[in-house]
Amino acid sequence: MQREVGTTGPHDAADVLLFPPLILLLTLLAGLGLGRLIPLRWLVRIGPAWRRGAGGVAAVVGIGIAIAGGRALAVLGTNVNPSRPTLAIARTGIFRRTRNPMYVGGGCAFAGLAVWLALDWVLLLMWPSLLVLHYGVVLREERYLERKFGDEYRRYKASVPRYGRLF
């Protein structure tokens, strides 16, 4: 179910605030810096086996979700990068359960990594970074997709949750 359409203006792409991987990188760098300046040491109180097990599972599941999203977009022949035009609406595979599998998966993997490595500040800073992702990326992408695909995207949006129904 692929529908290619024309551009929505001179720059046919979502006007995102920041490139999504940059949000994670900035969160990681800020968390590592704060961890050196003000160590919290909360996560190290959890036994290493439990911490690594839970973090590892979350990271692996998250990576799997993100890869499934990327593959679904590649099969459609549409762009993954939000600064490039979206050529089709993905509705199959993981996109039947969440409209944003790469963000859901990336967030899950990032949180898992933070737990696994006992990066307290990184885990804490994920909350404001998720707000930046939501307001600065996801909502802007949705407005772009509504302008570009109209009712077709609105129907998809009404049938699939933004951040998921994974199970």
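Predicted model: local features only at pLDDT ≥ 70, side-chain atom pairs only at ≥ 80, totals over all residues.
User: What is the mean pLDDT of the protein chain?
Analyst: In the protein chain, 93% of the residues reach a pLDDT of 70 or more. The mean pLDDT of the chain is 93.

User: Which pattern does the protein chain follow along the sequence?
Analyst: The secondary structure comes to five helices and zero strands. The C-alpha atoms fill a box of roughly 55 × 30 × 25 Å along the principal axes. Read along the sequence, the pattern is α-α-α-α-α.

User: Among contacts between residues at least 6 apart in sequence, what percentage joins residues at least 24 apart?
Analyst: A contact here means heavy atoms within 4.5 Å. Of the contacts in the protein chain between residues at least 6 apart, the share joining residues at least 24 apart is 81%.

User: Are α1 and α4 roughly parallel or roughly antiparallel to each other?
Analyst: Helix α1 covers residues 20-37, and its axis lies 9 Å from that of α4. The two helices pack at an angle of about 155°, and angles over 145 degrees count as roughly antiparallel. The crossing of α1 and α4 is right-handed. By the angle, α1 and α4 are therefore roughly antiparallel.

User: How many nonpolar residues are in the contact of α1 with α4?
Analyst: On the α1 side the contact includes Pro20, Ile23, Leu28 and Leu32. On the α4 side, Trp121, Val122, Leu125 and Met126 are among the residues. The contact has no charged residues and four polar ones, and its nonpolar residues number 13.

User: How many charged residues are in the contact of α4 with α5?
Analyst: From α4, the residues are Glu142, Leu145, Glu146 and Phe149. They meet Asp151, Glu152, Tyr153, Arg154 and Lys157 in α5. The contact divides into three nonpolar residues, no polar residues and, for charged residues, six.

User: Is arginine 41 buried or exposed?
Analyst: Arginine 41 is found in the loop between α1 and α2. Its phi is near 60°, a positive value in a residue other than glycine. Most residues other than glycine have a negative phi. With a relative accessible area of 53%, arginine 41 is exposed.

User: Is alanine 118 buried or exposed?
Analyst: Alanine 118 lies in the loop between α3 and α4. Although not a glycine, alanine 118 has a positive phi of about 55°. Its relative accessibility is 14%, and the limit for buried is under 20%. Alanine 118 therefore counts as buried.

User: How far apart in space are leucine 76 and isoleucine 89, C-alpha to C-alpha?
Analyst: Leucine 76 lies in helix α2 and counts as buried at 15% relative accessibility. Leucine 76 and isoleucine 89 are 13 residues apart in sequence. Their C-alpha to C-alpha distance is 8.4 Å.

User: What percentage of the 167 residues do buried residues make up?
Analyst: Buried means under 20% relative accessible area. Of the 167 residues in the protein chain, the buried share is 41%.

Notes: Residues numbered from 1 in each chain as written. Heavy atoms only, no water. pLDDT = per-residue confidence, 0-100. Helix = DSSP H or I, 4+ residues; strand = E, 2+ residues; numbered from the N terminus. Nonpolar A, V, L, I, M, F, W, Y, C, P; charged D, E, K, R; others polar. Axes fitted to C-alpha atoms, helices over the stretch in contact; angles between N-to-C directions. Parallel < 35°, antiparallel > 145°, perpendicular 65-115°, else oblique. Left-handed = near helix turned anticlockwise from the far one by under 90°. Buried < 20%, exposed > 50% of the residue type's maximum accessible area, 1.4 Å probe, protein only.
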